[in-house]
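Subject: Structure handover

Hello,

Here is the structure we talked about. Please open it first, then read the notes below.

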Amino acid sequence: MTVNIHEMSIADYPEVYQLWEMSEEIGLSKADSQHNIQKFLERNPGMSYTAWVEGKMVGVALCGHDGRRGYIHHLMVHPDYRRKGIGQSLVSRCMFALTRIGIQKCHLFVFEDNFDGIKFWESLGWTKRVELTMMSQFIIE
């Protein structure tokens with residue numbers, strides 16, 4: 001099986017969104033509209049990636065930064081293609097993109113009950129931060 005990884009473009013959005021919808025562990029919202037993802041990609045060029053096998057999208061990772069820290073959002077690998085190194089390859093590309101511009105630390109969010117997700121990230125050397133509490137507020141509803 002040959003996996004091809006490409007920089008994500010907004011033209012990939014319909015397939016990306018369809019892949020995200022397959023997972024209950026990814027919290028989709030209005031922030032994930034095509035318009036908002038396009039703005040994200042424009043603000044963070046060359047940092048988000050898709051994985052393809054025989055013309056079928058099988059993985060995606062959104063990556064960006066705020067100037068000091070990197071963030072990975074909505075990493076997803078199609079269930080039929082998991083445990084083949086695709087997720088790890090996507091993460092590696094994201095981390096390289098962040099390193100290339102001098103970002104030294106990356107964060108991500110995982111739902112507390114997403115045990116498979118937590119296990120995946122820990123297997124890649126990520127550390128669960130138990131001393132932090134995430135807080136949010138809607139600016140516009």
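Trp121 is buried, and so is Trp126. Buried means under 20% relative accessible area, exposed means over 50%, and partly exposed lies in between, with a 1.4 Å probe and protein chains only.

Some ground rules. This is a predicted model: local features need pLDDT of at least 70, side-chain atom pairs count only at pLDDT 80 or more, and totals for chains, interfaces and linings use all residues. Residues are numbered from 1 along each chain as its sequence is written, and side-chain values use heavy atoms, with hydrogens and water left out.

The two tryptophans

The rings of Trp121 and Trp126 are edge-to-face, because their centres are 5.0 Å apart and their planes stand at 70 degrees. Rings of Phe, Tyr and Trp (its six-membered ring) pair if their centres lie within 6.5 Å; planes under 30 degrees apart are stacked, over 60 edge-to-face, and the rest tilted. Trp126 also has contacts, meaning heavy atoms within 4.5 Å. Leaving out residues up to four places away in sequence, Trp126 touches Ile72, Val91, Met95, Cys106, His107, Leu108 and Trp121.

The cores

A nonpolar core is a set of buried Ala, Val, Leu, Ile, Met, Phe, Trp, Tyr and Cys residues joined through side-chain atoms within 4.5 Å. The largest one has 23 residues; Ile72, Ile86, Leu90, Trp121 and Trp126 touch the most other members. Strands E2 (49-53), E3 (56-65), E4 (70-77) and E5 (106-108) and helix H3 (86-100) each supply at least two residues of this core. H3 gives the most, with 6 residues. Helices (H or I, at least four residues) and strands (E, at least two) are DSSP runs, numbered from the N terminus. A second, separate core has 13 residues, including Tyr13, Ile26, Trp52 and Leu62.

The structure holds 4 aromatic pairs. One of them is Tyr17 with Trp20, edge-to-face at 6.4 Å centre to centre and 70 degrees between the planes. The two residues are 3 apart in helix H1, so about one helical turn separates them. Tyr17 is partly exposed, at 23% relative accessibility. Trp20 is buried, at 0%.

Asp32

What does Asp32 contact, beyond its neighbours within four places in sequence? The list is Tyr13, Tyr17, Trp20, Gly27, Ile37 and His74. Asp32 sits in the loop between helix H1 (13-21) and helix H2 (34-43). Asp32 is buried but has no salt bridge; Lys39, the nearest side chain of opposite charge, is 12 Å away. A salt bridge needs a side-chain nitrogen of Lys or Arg within 4 Å of a carboxyl oxygen of Asp or Glu. For charge, Lys and Arg count as positive, Asp and Glu as negative; His and the chain ends are not counted. The side chains of Asp32 and His74 do make a polar contact of 3.0 Å. That term means a pair of N or O atoms within 3.5 Å; within protein, one must be able to donate a hydrogen and the other to accept it, and residues adjacent in sequence count only if both atoms are side-chain atoms.

Two loop residues

Glu54 is in the loop between E2 and E3. Its phi is near 50 degrees, a positive value in a residue other than glycine. Glu54 is exposed, at 78% relative accessibility. Arg83 lies in the loop between E4 and H3. Its phi is near 65 degrees, again positive in a residue other than glycine. Arg83 is exposed, with a relative accessible area of 81%.

Best wishes
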